[in-house]
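Have a look at the sequence and the model, and then we'll walk through some of the parts.

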Amino acid sequence: MAVAPEKAPEQAPAERPSGARNVGAVAWDWGKKGLALRESSIIVVIVASLIYFGVSVPGYFTGSNFKNLLPYFCFLAIMAAGQVFVMTLGEIDLSVGALYLITPFIFWKLTTAGIPLLPSVIIALVIAAALGGVNGFFTAYVGIPSFVATLAMLFFLDGLALILSHSEQITTPGTSLTGAQSTFASVFGGGTYSELIWALVIVGALQVALSFTRWGIYTVATGGNKLGAAEAGVKTRRILMRNFMLCAATAGLAGVLEGVRTSSITPDPSGSNQFLLYSIAAVIIGGTLMTGGEGTVVGALLGALFLGILQDGLNLKSVPATYVYLWLGIAVIIAMVLYVLVRRIRMGSGHG
Amino acid sequence: MADQTVAGQPIVEPSTAPDDVLRIEHVTKRFGPITALRDISLHLRKGEVLGLLGDNGAGKSTLVKIICGFHRPDSGRMWLKGEPYAPKDVLDARAHGVDTVYQDLALVDQLSASQNLFLRREETLRPTPLVAGRKMRRQARAALDEIGINIPRIDLPVARLSGGQRQAIAVARAIRDQSDVLLLDEPLAAMGAKEGAMILDLIARLKERGDVAIIMIVHNYVQVFQACDRANLIQDGVITFDKPTAESSVDELNEIVVEEYRRARQAATTGNGGASQPSSA
């Protein structure tokens, strides 16, 4: 333990009032506190990318560009928020892309059966959560690694989506602009800020859940020391089940919101599985450990925001589509290198 | 029972006493082909510190895990404060007043001292599901003060604390619900001399309070005589020695263990021919 103490005891002598510290010390304190945040590296990365695009793209910091940016990251932040709960356990859910794909089709099937819009969405999300429960069951109770269990689910649901849709694009229910339907559409993704509000509410709620509730503490405990948590009496399997269900539900919601926003649902597994990779990238760039025990939902939102800024910025700079992925790869590596460096400073030693 | 002997040692039947907190009679446990506990009977008096000795694989940890509700015995019976005791799981055992500090401490490195202290016992700010963090930190500090342990910052992840401090947190966690029986699985393993002394002090203070009886697994015979009122030796799944430490000595214990080794060796060398056909009728 080569960790230097945060504050030497003689720095707080009794005769001095607490407010009398000089500005430099306060700034140093704040700097330290900032670096102590799990999200510090992604904040640094985001500020750097904003400065870069702000300088190189005229009119970058405008309201209309902000609105352009929203569809890139909001649904991703929602998917990533659920994934944080799985990855904090040291597990991974590869089926989120497939859940993103199939849930809007389930929603559509339910409405064609005559069920009203809102109940259809709710039932579709419950079904998504149940599919997540299947992931959790195979992982927690059967003992299949989550990587494999959710990979199987990915293939299964991709196939099911193609069967359900007859491989044809459909118009999202509730998106024709009349009366109650338009209210539904504007709440569930159609409104300009609808997805942003959903993302902020979900990220806020889940961050509070992760940091300040028993569920969150048990999630960290299970991811950090599964046997130890079980010996302390934590029902680790139940936590696993619950988190996979949450992750599936957020992926399904993201799918529905995007379906409503774009007014159509396309049975395109390769497209949705791209979002799987984006969401995992967002979680990791945001500061959640792949090994478990540490996670941040806000970080995942920022990770998604960073990926959004990149795509939007490259688009604004008219980078040819063929080059976008190349730059994306480079940027992600740079972000991760920064993450490792900042983490080393945070931990106060050279070993990371 | 006379035919059931280990390495020539007779099985020691525990003497009965009315103030027994815990009694165990003829407990057995198998894991597949391996018999971990052949026939265990022991008792624990109120406020007593019982040292559990034995070689690796003798069954000490299995016994502790049965008492704390992590494993269930295959047969045998247990009594806690005169009542039949058959814990369904760790939580059930804890509800009955039996708490455990495992060898690996069961601490979560990423959680703070107070979060670890309250793991699975968090209070919430009703009616919200939020955990009462401030209250927990205050109570954690008080609990650690009470057993004389100073942890500079209880809001830091315990990964940053020393081995002795981590052990102290695990002990504090175990005793915070006024438990009747405290099980310590090798509390002194991998401790430096100073940290070991700190833990021995802690056990002495707990003994002084007198409300908790302790069973501790110890490897070092000298430490048994420092910390324990009585010592039990497990050999090959059976208790073969049960004496107050005041009436015994390190030499006596050594003698028994060395004896067992010699016997086993002799059996191995003389029984060479019989190895291929063990039950030559």
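## A helix tucked inside chain B

Helix α1 (residues 60-67) of chain B is largely enclosed by the rest of the structure, because eight of its eight residues are buried. Buried here means that 20 or more other C-beta atoms lie within 10 Å of a residue's own, while 12 or fewer makes it exposed and anything in between partly exposed, with C-beta atoms placed from the backbone. The buried residues of α1(B) include B:Lys60, B:Ser61 and B:Ile67. After α1(B) comes B:Gly69, which has a positive phi, near 90°. Helices (H or I, at least four residues) and strands (E, at least two) are DSSP runs, numbered from the N terminus.

## Before going further

This is a predicted model, where local features need pLDDT of at least 70 and side-chain atom pairs count only at pLDDT 80 or more, while totals for chains, interfaces and linings use all residues. Residues are numbered from 1 along each chain as its sequence is written, and chains are lettered from A and ligands numbered from 1 in the order in which they are written.

## Two domains in chain B

Chain B is assigned domain 1 (8-97 + 184-268) and domain 2 (107-177), with bounds that come from an automatic or database domain assignment. Their C-alpha centres are 28 Å apart. Where they meet, ten residues of domain 1 of chain B are in contact with ten residues of domain 2 of chain B; contact means C-beta atoms, placed from the backbone, within 7 Å. The domain 1 side of chain B has eight nonpolar, no polar and two charged residues there. For these classes, Ala, Val, Leu, Ile, Met, Phe, Trp, Tyr, Cys and Pro count as nonpolar, Asp, Glu, Lys and Arg as charged, and the others, Gly among them, as polar.

## Chain A and its packed helices

Over in chain A, there are 14 helices and two strands. Of its 352 residues, 46% are buried. Among contacts in chain A with a separation of 6 or more, 78% join residues 24 or more positions apart.

Helix α11 (residues 236-262) of chain A packs with helix α4 (residues 96-112) of chain A at about 60°, their axes 7 Å apart. Axes are lines fitted to C-alpha atoms, for helices over the stretch in contact, and angles run from 0 to 180 degrees between N-to-C directions. That makes α4(A) and α11(A) oblique to each other. With α3 (residues 63-87) of chain A, the angle to α11(A) is about 170° and the axes are 7 Å apart, so α3(A) and α11(A) are roughly antiparallel. The cut-offs are under 35 degrees for roughly parallel, over 145 for roughly antiparallel, 65 to 115 for roughly perpendicular and the rest for oblique. The contact of α3(A) with α11(A) has 15 nonpolar, four polar and two charged residues.

## One residue up close

A:Ser146 sits in helix α6 (residues 146-165) of chain A. A:Ser146 is buried, with 24 other C-beta atoms within 10 Å. Leaving aside residues up to four places away in sequence, A:Ser146 touches A:Glu91, A:Ile92, A:Asp93, A:Asn135 and A:Thr139.

## Where the chains meet

The contact takes 18 residues from chain A and 21 from chain B. On the chain A side, α9 (214-224) and α10 (226-231) each give two or more residues, and α9(A) has the largest share, five residues. That side divides into nine nonpolar, six polar and three charged residues.

How values were computed
Two residues are in contact if their C-beta atoms, placed from the backbone, lie within 7 Å.
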